[in-house]
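Keep the sequence beside it, and follow the tour below one stop at a time.

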Amino acid sequence: MIAHWIAERCTNCGDCVKACPALVFDQAPDRPVIARVEACQTCYLCELACSADALYVAPEMDSAQAPPVADLIAAGLVGRIRHDSGWNDPFDAGQLDDYRLLGPLLNQGVEIATARYEARVSPAPETHPQSVATA
Amino acid sequence: MSDVLIIGGGMAAAWAAIAAAEAGARVTVVDKGVMGTSGVTATGGPGHWWVPPDPALRGEAIARQNAKAAGLGDPAWMERILELTWRHLPTIAPFYPFGSDGRGGKFINGVRGPEYMRALRHFALARGVTIRDHHPALELIADADGRVIGARGVALRDESEWTVRAGAVILATGGAAFRSGLIGAHACTGDGHLMAVEAGARLSGMEFSLSWSLSPEWASTRTLPYTGARFYDDRGHELDIAPPRTGHRHYQALGAAMLAGPVWADLVDAPAELHGVLRRIQPLTVAAFERRGINIFRDRFRVRLFGEGTIRGTGGVDLVDAECRTGVSGLFAAGDAATRELVAGASSGGGAVNSAWALSSGRIAGAAAAAEALGSHPGDTPAHALGQAALRPSSDVRMVDPAALIARAGAAVHDYDQALWRTGEKLGHLARTLDADWARIAAHGHARGRAQVELRSAAAVVANARWVVAAARDRAETRGLHVRVDAPETDPAQARRQLSGGLDRVWTRPLEPALEVAA
């Protein structure tokens, strides 16, 4: 859930208010206000929309608890996903150059799980027999 | 005044809007959230079914997909969506930073969700589409002949009421996820299904509604890192979990373990290459761990299953022709709101086929709705509203708690015991409970403003749960995603689609091929 709005960074551009699909923010004259925190879905998309890096979303869907802002900034976590995404970079910045690996890596995981399971259900003769009953 | 009104704000809605505008229509989009951040695409990363236009390659891909469809697919539709996806996905290039394919070209078919939906919003705006964010539709409106001529809803910001009249309406409201916590799916309460049935449309394939995604228990994420996971119980004993490729058996094993106690995932076996690039592929997945101080590849973490309802299932509003008409005059459906059995049959379309479907059905519906609307416009024709439950109670207004109704309906669809070991007896019991909930909300439910939107969402969730449960009860066999432990075999005599619908009384019936031709 959205945990921090950082006053000294906010430019009051209103982009978070417009971006949130769950209408978590209200626009006050001088700042956005986290008006309905319980509606937050922890989608992080307000952070992407915030080019001032003035928002921080805590990772739990049902909790807005988070360390103090200064600690998060010191740990490099504020604005991290916007920078990781290359969200505001030019289109030729290569921010999606590894994206093609998603499918192959996902399938590699599937293959690893399959091979491991097959080895377990038909163990080599020298290994101890194991129960295959599910818990 | 609009020619085409599109309800929804995900990828199907966006592609429908773009296609309708390209066909010369004035287009208005109304979304419960925000076109660009709403829905399961915006937080996801859809790969699109992607086969070059080589007849042999396409033929093989379609044959494979048709086999997976377990007797319910339509190869002609599969061919159409392959072609439309191939032709149109590259057209987002001015708005989307396509990455490298590793061979000097661009990687087109897989796109990251936030960037993709941002691109589609900008694309639609560039085509002159009017987008009204935070404008949930509550109900359709129709003329004296029953032709749908628009919709009515609430603007969430100031809780004012709005009405949009249009020559044609497209439902692109997404699948029904029953508020499972699945990321991006909060607004996917099956509102379009309810509006369609109130207008006289029918549904198809609602029994194919069971799928889950594994995630850390504190937040639903993408599943890329977990496919090779080992699983442990609370005492640190490794669990014997059938691998992901076994489909229903995998989820049964996880579900059984989770019913017995906490389950921990260990990614020690994850592909080594993933460690370095996960952040560059899915920054949001990394954040879910990093912000809790967890090293995803080193530390074990507790997991659960998040229900995906009809989103990764295939059921939805039935389509009666090749232009995505619903059978109700003036009303079209696209994307996950529509049945995807035509391209995925009884099995999940997964991300790839469902994404190709959302793009293609969106474009087909958008072009057809534009053509229809440009020939007939409602003007000031007298209109009546079609909504019932949570809008116009049939008896005295009483307190109805939407959260309680949603929780019960969600449990009826997704609770491990109900869903992973479906039997006719359990489903019959669930149907009676859900009927009582429906009777209560239809008789007494009423509210205003944002509270009305939530109550109406609860009505849609309960209605969809009733259709799912009835359809699952009445398909007494196992086929694709629909697994019945009391009928574990696939029955060749039931290799046909099953329709469902109804409000106060839910009905199902097999779709006989002969009737389809006659219609």
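Start at the second largest pocket: 25 residues line it, and nearest its centre lie Pro21(A), Ala22(A), Ala39(A), His186(B) and Glu454(B). A pocket is an open set of points on a 1 Å grid over the protein atoms alone, with protein on both sides within 12 Å along at least five of seven lines; a cavity is a set where a 1.4 Å probe fits but cannot get out; lining residues have an atom within 4 Å of a point. The space in this second largest pocket is about 560 Å³. A volume here is the space filled by probe spheres set on the points, and grid points are joined across faces, edges and corners.

A word on the source: this is a predicted model, in which local features need pLDDT of at least 70 and side-chain atom pairs count only at pLDDT 80 or more, while totals for chains, interfaces and linings use all residues. Residues are numbered from 1 along each chain as its sequence is written, chains are lettered from A and ligands numbered from 1 in the order in which they are written, and side-chain values use heavy atoms, with hydrogens and water left out.

Back to the pocket. Its lining divides into ten nonpolar, nine polar and six charged residues. Ala, Val, Leu, Ile, Met, Phe, Trp, Tyr, Cys and Pro count as nonpolar; Asp, Glu, Lys and Arg count as charged; the others, Gly among them, count as polar.

Gln452(B) is buried, with a relative accessible area of 3%. Buried means under 20% relative accessible area, exposed means over 50%, and partly exposed is in between, using a 1.4 Å probe and protein chains only. Leave aside the neighbours within four places in sequence. Gln452(B) is then in contact with Leu138(B), Val154(B), Ala390(B), Leu391(B), His446(B) and Ala447(B). Contact means heavy atoms within 4.5 Å. Now look at Pro393(B): Gln452(B) and Pro393(B) are 59 residues apart in sequence, and 12 Å apart in space, C-alpha to C-alpha.

Zoom out to chain B. It has 17 helices and 16 strands. Its radius of gyration is 22 Å, close to the 24 Å that the globule rule gives for 519 residues, so chain B is as compact as a globular protein of that length. That radius is taken over C-alpha atoms, and the globule rule is 2.2 Å times the number of residues to the power 0.38. The C-alpha atoms of chain B fill a box of roughly 70 × 55 × 50 Å along the principal axes. Of the 519 residues, 64% count as buried. Take contacts in chain B between residues at least 6 apart in sequence: 74% of them join residues at least 24 apart.

Chain A comes next. It has five helices and four strands. Along the sequence, the pattern is β-α-β-β-α-β-α-α-α. The radius of gyration of chain A is 22 Å, but a compact globule of 135 residues would have one near 14 Å. The C-alpha atoms of chain A fill a box of roughly 75 × 40 × 30 Å, taken along the principal axes. Of its 135 residues, 44% count as buried.

Now check a loop of chain B. Most residues other than glycine have a negative phi. Phe178(B) is not a glycine, yet it has a positive phi of about 60 degrees. Phe178(B) sits in the loop between strand 6 (160-171) and helix 6 (191-199) of chain B. Arg179(B) is in the loop between strand 6 and helix 6 too, and has a positive phi of about 55 degrees. Are these residues buried or exposed? Phe178(B) is buried, with a relative accessible area of 3%, while Arg179(B) counts as partly exposed at 22%.

Finish inside. The whole structure holds four cavities of 30 Å³ or more. The largest cavity has a volume of about 230 Å³. It is lined by 22 residues, and the closest to its centre are Tyr44(A), Thr43(B), Arg222(B), Leu284(B) and Thr285(B). Helix 9 (residues 283-290) of chain B gives the most to this lining, with four residues.

Definitions and conventions:
Helix = DSSP H or I, 4+ residues; strand = E, 2+ residues; numbered from the N terminus.
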